[in-house]
Amino acid sequence: MKNEKDYYLTTAITYTSGKPHIGNTYEIILADAIARFKRQEGYNVRFQTGTDEHGQKIEIKAKEAGIEPKQYVDQVAGVVKNIWDMMDTSYDRFMRTTDEYHEKQVQKIFKKLYDKGDIYLGHYEGKYCTACESFFTESQLVDGKCPDCGGDVHDAKEEAYFFKLSKYQDRLIKHIEDHPEFIQPVSRKNEMMNNFLKPGLQDLCVSRTSFKWSIPVDFDPKHVVYVWIDALTNYITGLGYDADGNHGELYKKFWPADLHLIGKDIVRFHTIYWPIMLMALDIPLPKQVFGHPWLLQGESKMSKSKGNVIYADDLVDIFGVDAVRYFVLHEIPYDNDGSITWDLLVERINSDLANVLGNLVNRTIAMSNKYFDGIVENKNVCEDVDQELKDLALAMPGKAIAKMDELKASNALDEIFNLLRRTNKYIDETMPWVLAKDETKKDRLATVLYNLIESIRFSAVMLYPYMPSTATKILDQINTDQRDFESLKEFGKYASGTKVVEKPEMLFARLDPKEIAKKVEVIEAKQKASIKAVKEKQETEAKQEITIDDFSKIELKVGKVIKCEKHPNADKLLVSQIDVGEETPRQIVSGIADVYKPEEFVGKKVIVVTNLKPAKLRGVESQGMVLAGGDKKVLGVVDAGELPVGTTIR
């Protein structure tokens with residue numbers, strides 16, 4: 001039986017297709033803040049993260065890099081782990097889906113579900129997106145493209161094993177209705193219920209035969225286990241779950257998970273696919289799944305192709321680890337996307353970290369050294385203004401804890417900084433520099449400085465989960481061992497007579513926006529150069545020499561345009577009926593409306609690629625391609641001259 005003080009927290013495992021950006025990194029920072037917070041509350045925390053390392057996309061990327069898939073994922077997993085470590089995250093287990101124990105358990109889980117009748121053999125047919133490793137129906141496509149990533153799709157059909165989601169649909173609906181806290185925020189719960197569960201679930205494809213880089217289905221080796229059963233089960237295999245029932249001690253101690261922290265884009269997988277798998281395995285469901293919002297670059301989602309990606313290591317090089325942690329935790333609301341720009345970072349660091357926090361700590365310690373040789377004593381010479389500060393300090397931990405219980409880290413930080421701002425105001429109200437000029441006010445001055453140091457201690461103790469290095473520096477500089485939540489139950493636990501450090505370290509210096517802009521220009525120039533190099537490589541590869549056999553695969557014929565009109569949904573496209581000497585004319589969609597009016601195109605002799613696979617362009621089928629001249633812009637179609645309609649071009 002799980003102890004109520006044992007707390008199991010997981011992040012999603014990062015897909016090893018490339019280096020994670022700051023939006024991806026936000027999740028591990030938030031998870032770490034929650035883990036550290038829970039430890040300070042007295043919980044025995046198990047914190048797991050890791051990498052998802054199988055799939056067709058990895059297989060392709062490894063081939064492009066000229067290395068084996070395992071070598072490729074080893075490299076990327078190393079990059080991910082280095083970034084997580086750089087961000088000072090306190091995970092207990094870095095899980096990899098290529099771990100031998102995990103792979104063996106996935107095979108056993110797959111077989112267990114198959115033997116139970118919850119997995120069966122069938123066929124899958126539809127539009128397939130390699131980048132997302134997902135099938136879609138025609139109606140799910142957006143302008144003929146993948147609805148998730150906007151990339152190209154292609155027809156695919158293959159034998160596959162399916163998991164009976166539909167069998168457990170009603171049971172999952174009841175669980176969600178009985179446990180309103182299971183999916184958070186509420187908007188994500190409503191989306192899952194209304195868009196997926198209540199309309200009815202389709203059974204889930206859980207194996208593939210078109211690639212090899214995954215875990216083999218041991219009783220049918222031509223199949224490999226598809227992403228869902230492989231990736232999602234890491235949350236239990238990482239604890240030592242055994243499909244045969246011989247579970248490890250960590251599994252017995254920590255399952256069910258208290259929190260799966262994931263991005264809002266993968267809520268469906270974690271709140272529908274995953275709980276149904278657990279139901280089929282007779283395993284308790286996690287207590288809560290929180291789908292956090294995204295961190296956008298300005299107003300846009302970060303994308304390497306857009307060239308607007310910001311990486312954690314670049315941010316840390318300029319601003320430091322704790323400044324980056326503070327920014328992303330503070331700037332992303334509970335259920336709305338947050339925004340990051342270089343200018344916003346500078347503004348937030350200067351206003352909050354340099355002015356409010358750093359300046360307060362620095363000048364308070366400096367005054368203690370100047371007026372009392374660093375000795376901080378509580379002389380209890382109190383005035384009315386003191387009580388307001390004390391009351392706010394005593395109320396702050398409870399308010400911050402209440403916000404964190406709801407996973408509202410940004411709001412919890414606001415409560416801490418409210419106290420820091422009030423403490424700065426207290427300096428202005430008490431004016432220690434004036435008190436220091438009056439020998440009769442010496443004990444009052446000592447009391448004021450004691451109150452300032454104690455208020456700083458309250459703030460630093462509560463800041464630790466979010467900014468562990470900074471909080472530790474503050475507590476070291478004021479030389480206190482009172483560092484846990486228990487010590488905040490009364491104002492005055494800071495030991496009177498303690499000596500603070502003689503020369504406090506500057507926590508956060510004010511930043512010059514112009515100097516930061518110069519550094520950003522260097523980073524962005526490197527990114528642009530990298531994107532340009534990739535594009536040039538792709539263009540070079542696309543223009544590689546071909547053999548006569550390659551060319552012979554292309555069928556070119558002379559055609560005559562007999563009818564032409566504008567595309568109903570696209571200004572740059574024309575829809576033509578072209579006679580190529582066959583029984584019926586070909587309908588061909590061409591991006592030439594900038595060059596030809598429909599009536600001008602009728603009657604032209606053109607050259608048509610006639611064995612091109614039909615495709616829908618903005619909802620209209622095109623049964624070939626007209627050859628045209630030009631580079632990035634069409635200058636005109638190739639004229640077939642006097643050649644008869646239907647002539648084959650060789």
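**Stop 1**

Select Thr 10 and Gln 48. Thr 10 stands opposite Gln 48, which belongs to strand 3. This is a predicted model.

Now select Thr 14 and Thr 51. Thr 14 stands opposite Thr 51 in strand 3. Strand 2 (residues 14–15) pairs with strand 3 in the parallel sense, over two bridges.

Next, pick Thr 49. Its bridge partner in strand 4 is Phe 94. Strand 4 (residues 93–96) runs parallel to strand 3, and four bridges join them.

Colour strand 3 itself, residues 44–52. Is this strand mostly covered or mostly open? It is mostly covered, with eight of its nine residues buried.

**Stop 1: the domains**

Colour the protein chain by domain. Domain 1 takes in 6–118 + 164–292. Domain 2 covers 354–499, and domain 3 covers 548–649. Look at domain 2 and domain 3 together. Their centres, taken over C-alpha atoms, are separated by 76 Å.

**Stop 2: the largest nonpolar core**

Select Ile 22, Phe 319, Leu 357 and Tyr 466. They belong to the largest nonpolar core, which has 109 residues, and they touch the most other members. Where does this core lie? Domain 1 and domain 2 both give residues to this core, so it lies between them.

Zoom in on Phe 319. Leave aside its neighbours within four places in sequence. Phe 319 is then in contact with Val 324, Trp 342, Leu 345, Val 346, Ile 349, Leu 511 and Ile 516. Now look for a second, separate core, made of 62 residues. Among them are Ile 119, Ile 176, Leu 201 and Val 225.

**Stop 3: an exposed glutamate**

Go to Glu 439. This residue sits in the loop between helix 16 (432–435) and helix 17 (442–463). Is Glu 439 buried or exposed? Glu 439 is exposed, because its relative accessible area is 62% and the cut-off for exposed is over 50%.

Glu 439 and Tyr 466 are 27 residues apart in sequence. In space they are 41 Å apart, C-alpha to C-alpha.

**Stop 5**

Now select strand 5 (residues 119–129) and strand 7 (residues 154–163). Ten bridges pair them in the antiparallel sense. Pick Gly 126 to see one of these positions. Its bridge partner in strand 7 is Ala 156.

**Stop 4: the second largest pocket**

Stay with strand 7 and turn to the second largest pocket. Its volume is about 400 Å³. Select Lys 127, Val 153, Pro 614, Ala 615 and Lys 616. Of the 15 residues that line this pocket, these are the closest to its centre.

Which elements give two or more residues to the lining? They are strand 7 and strand 23 (615–617). Finish by selecting strand 23. With three residues, strand 23 gives the most to the lining of the second largest pocket.

Definitions and conventions:
Residues are numbered from 1 along each chain as its sequence is written. This is a predicted model: local features need pLDDT of at least 70, side-chain atom pairs count only at pLDDT 80 or more; totals for chains, interfaces and linings use all residues. Side-chain values use heavy atoms; hydrogens and water are left out. A nonpolar core is a set of buried Ala, Val, Leu, Ile, Met, Phe, Trp, Tyr and Cys residues joined through side-chain atoms within 4.5 Å. Buried means under 20% relative accessible area, exposed over 50%, partly exposed in between (1.4 Å probe, protein chains only). Domain bounds come from an automatic or database domain assignment. Contact means heavy atoms within 4.5 Å. Two strands pair if DSSP finds at least two bridges between them. On a 1 Å grid over the protein atoms alone, a cavity is a set of points where a 1.4 Å probe fits but cannot get out, and a pocket is an open set with protein on both sides within 12 Å along at least five of seven lines; lining residues have an atom within 4 Å of a point. Grid points are joined across faces, edges and corners, and a volume is the space filled by probe spheres set on the points.
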